[in-house]
Amino acid sequence: MAVDAETVGVRTALDAARATLDAEVAALRRLRGNLGESFDAAAAALADLPGKVITLGVGKSGHAAQKVAATFRSVGLPAVYLNALDSLHGDLGMVDSGDAAMLFSKSGTTPELLTMMPHLRSRQVTSIAVVGSLGSPIARACDLVIDASVEREGCPLDVAPMASVLAAQAVGDALAAAVTQARGFTAEDFARLHPAGALGARLTLSVADVMRCGDELPRVDVTAGLRDAVIEITRTGYGAVCVVDSDEKLRGFLTDGDIRRQLLETDNLGGVGVEELMTPNPLAIGPELPLSQALLMLEQRKKAFLTAPVVLDDGRCVGLLRLHDAVQAHLKKT
């Protein structure tokens, strides 16, 4: 039976892709199995490091070294990638006693890294080799060695660095995770280092950053009539109004839903006061509460709230939090 050439091409491409991914999965499994005392020692050295981490590599290993340095920085571990060639022409000035150097090399024979070893030792730098050969010159020259060897690259010719680069980066990820745990690094710490990211927005924004206040705050006095409440709800368009006393302390909360439900019972609302329809002691939120917690408070009620009054510790009403505003604040930060 004749086979369409295009179909053969698709099958061949899928076979090649799956073979590459199989090789990379195998490399990660091999790396996981090879982790041991040397990894523990490296993680401990980085967790207690008084200085910074210098990552070094050439070619594709250099790309892995750059990524690892970036990952370390994201979890609060000072790190910088140092170009092995430039380092021999002045950039070694950034290397200090108390630093650690991670040298990435699949073969373990990269000449540029071997040339640097005496200079790193003279500066009393802790050296960590991430190599594909434990018996290589770089492995023998370093204080600690992590085995990142792979059986196959995943390239059809088994020559282009693929699985080995992934394994090298995975070593960095594993060390970053271990250091994060050892140092007690928290999500709040991460947010402070990533203020423009989605997690940073969730953890650094507070209710005060997004609440409606001043002239935008819908409020009426507790002695007001229902007509005044409707006018205030209409003026702001937020579907609710805060009911306060003469000291601006929150006495209750009234929504347009409360008013509609009352209309189902009677057409005569002229003599009805807000105090008769309002919800006394409503859910209220403090202005300093992290926005993420406030969102949970609104969303996890038995009946989700779209708005909530914002009050100070002394009970004064200072704002209105809308679920819509909170969600939009997150989207703008991502």
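Predicted model: local features only at pLDDT ≥ 70, side-chain atom pairs only at ≥ 80, totals over all residues.
## Burial of strand S7

Strand S7 spans residues 240–244, and five of its five residues are buried, so the strand is largely enclosed by the rest of the structure. Burial here means under 20% relative accessible area. The strand is covered on both faces: Ala 240, Cys 242 and Val 244 are buried on one side, and Val 241 and Val 243 are buried on the other.

Strand S6 (residues 219–221) runs parallel to S7 and is joined to it by three bridges. Within this pairing, Asp 221 has Val 244 of S7 as its bridge partner. Helix H11 (residues 226–236) belongs with these two strands to a right-handed β-α-β unit.

Strand S8 (residues 250–255) is antiparallel to S7, with five bridges between the two. Val 243 is bridged to Gly 252 in S8. S7 and S8 form a hairpin, and five residues lie between them. In that turn, Glu 248 has a positive phi of about 65°.

## Helix H5

Helix H5 covers residues 111–122, and its buried residues are Leu 113, Met 116, Met 117 and Leu 120. Viewed down the axis of H5, these buried residues fall within an arc of 135°, so they line one face of the helix. An α-helix has 3.6 residues a turn, so residues three or four places apart point the same way.

Pro 111 and Ser 122, on the other side of H5, are exposed.

How values were computed:
Residues numbered from 1 in each chain as written. Heavy atoms only, no water. Buried < 20%, exposed > 50% of the residue type's maximum accessible area, 1.4 Å probe, protein only. Helix = DSSP H or I, 4+ residues; strand = E, 2+ residues; numbered from the N terminus. Pairing = 2+ DSSP bridges. Right-handed = clockwise from strand over helix to strand, strands pointing away. Arc of directions from axis to C-beta.
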